[in-house]
Amino acid sequence: MSWIKLSLIIPMYNVESYISECINSIQNQITDEVEVIIIDDGSTDNSKKILDELIFNLPKNKAKQFKVFSQKNQGQSAARNKALNIACGEYVGFIDSDDILDGNYIKELFRIINGYEPDIISIRAAGFKKLINDQSAISEMKLLDKVGLYDLTDELKIEIFNRHHWYIWSYIVKRSIIRNNRFISGIYFEDAVFLSSLVLRLDNIYFSDKKIYNYRYNMNGSLLSASSKNVQKNIDSYKFIINYFYNEIRNNNFYSISYVISLQTYLAYLKDKKGIFAMIKAYYEFFDYHKYVNKKLLLNRGNLLFYKFGVSFLIFLSIFRK
């Protein structure tokens, strides 16, 4: 068996409209040094059937690099955790099953891995939405305006935490560093918990300036669903990570940044979904937490103003924007 340099992990659930594009973008550039682990998380549409047909029709040298497993629906965290237990690559990357890789994705990662062997790689990405007969880029994501290998000093970690760019598909991590780290099941924003805990113990990071991942801005996705059940799950998830970051402040002050950003984002979400009084009430549920925050770590002026003035700042901001 060839040495596996890169494991790509894909949780799949009800993406029959997109899975072909995702898999084709991988198989077009796959090599013997890449394994693709796909966990079907109990799909109820034709996703699994389409996937099986795609892989069956691939040339044997490509088809053997795909490993497909099925489980009862448990959520993408459980699917990713199962894949992590299976993965044997030197590095691990994560792909959402409705996204598309640029044709140079694997080539760029191998260039970086072979040349620098970093602990973690940060990649640039472009977001797109599907139009009637076309697809149009709508945004671009990158962690910081840096290129190349950097030591992860405290100063750089503070910059990364302030950016709060915790999207798992935008990082490729050395598997030995992940160790027993796993995603928390049953919540949204699990990427933030998983990645922030990793970054704190890494020695270096490579920033790629190549835009090699295309993420789909999907209004029908679970996170953006407007159903009352999903709104409540968002609220519960926000509360979980806010409490998580707060409790971690006493272990590492950097979590002051994550706490303030998450609380501000949560309150803005709550105002949009439940109204201004729900936002104010929620703010005072977390009010006493502020005595633990190190405000000197807040580099963003908006976050600092929110920390100083609380919901008054958010109310002023909403009026000003109108």
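# Briefing: backbone, cores and aromatic contacts

F189 lies in the loop between α7 (175-178) and α8 (190-199); helices (H or I, at least four residues) and strands (E, at least two) are DSSP runs, numbered from the N terminus. This is a predicted model, in which local features need pLDDT of at least 70 and side-chain atom pairs count only at pLDDT 80 or more, while totals for chains, interfaces and linings use all residues. Residues are numbered from 1 along each chain as its sequence is written, and side-chain values use heavy atoms, with hydrogens and water left out.

**Backbone in loops**

- F189 has a positive phi, near 65°, although the residue is not glycine.
- With a relative accessible area of 21%, F189 is partly exposed (buried means under 20%, exposed over 50%, partly exposed in between; 1.4 Å probe, protein chains only).
- E117 also has a positive phi in a residue other than glycine, near 50°.
- The position of E117 is the loop between α5 (105-116) and β6 (120-130).

**Nonpolar cores**

- The largest nonpolar core comprises 66 residues, and I160, Y259, Y266 and L267 have the most contacts inside it (such a core is a set of buried Ala, Val, Leu, Ile, Met, Phe, Trp, Tyr and Cys residues joined through side-chain atoms within 4.5 Å).
- Helix α10 (residues 255-274) gives the most to this core, contributing 10 residues.
- Apart from this core lies another, of 38 residues, which includes M12, I38, I106 and M141.
- Leaving aside residues up to four places away in sequence, Y259 touches I242, F245, Y246, I249, F286, Y289, H290 and V293 (contact means heavy atoms within 4.5 Å).

**Aromatic pairs**

- The model contains 23 aromatic pairs, counted for rings of Phe, Tyr and Trp (its six-membered ring) with centres within 6.5 Å; planes under 30 degrees apart are stacked, over 60 edge-to-face and the rest tilted.
- F161 and Y255 make an edge-to-face pair, at 5.6 Å centre to centre and with 90° between the planes.
- This pair links distant parts of the chain, since F161 belongs to helix α6 (residues 154-163) and Y255 to helix α10, 94 residues apart.
- Both F161 and Y255 are buried.
- Y238 and Y269 form a tilted pair, with centres 5.6 Å apart and 45° between the planes.
- Because Y238 lies in helix α9 (residues 228-249) and Y269 in helix α10, their pair ties together parts that are 31 residues apart in sequence.
- Y238 and Y269 are each buried.
- One aromatic cluster is formed by F161, W166, Y244, F245, F254 and Y255.

**Charges over rings**

- R80 lies over the face of F183, at 5.3 Å from the ring centre (the criterion is NZ of Lys or CZ of Arg within 6 Å of the ring centre and within 35 degrees of the ring normal).
- The ring of Y292 has the charged end of R250 over it, 4.9 Å from its centre.

**Cysteines**

- Zero disulfides are found in a search of the whole structure (a disulfide is a pair of cysteine sulfur atoms within 2.5 Å).
- For C22, the closest cysteine sulfur is that of C88, 19 Å away and therefore too far for a bond.
- C88 is likewise in no disulfide, its nearest cysteine sulfur being that of C22.
- C22 is buried, with a relative accessible area of 0%, whereas C88 is partly exposed, at 28%.
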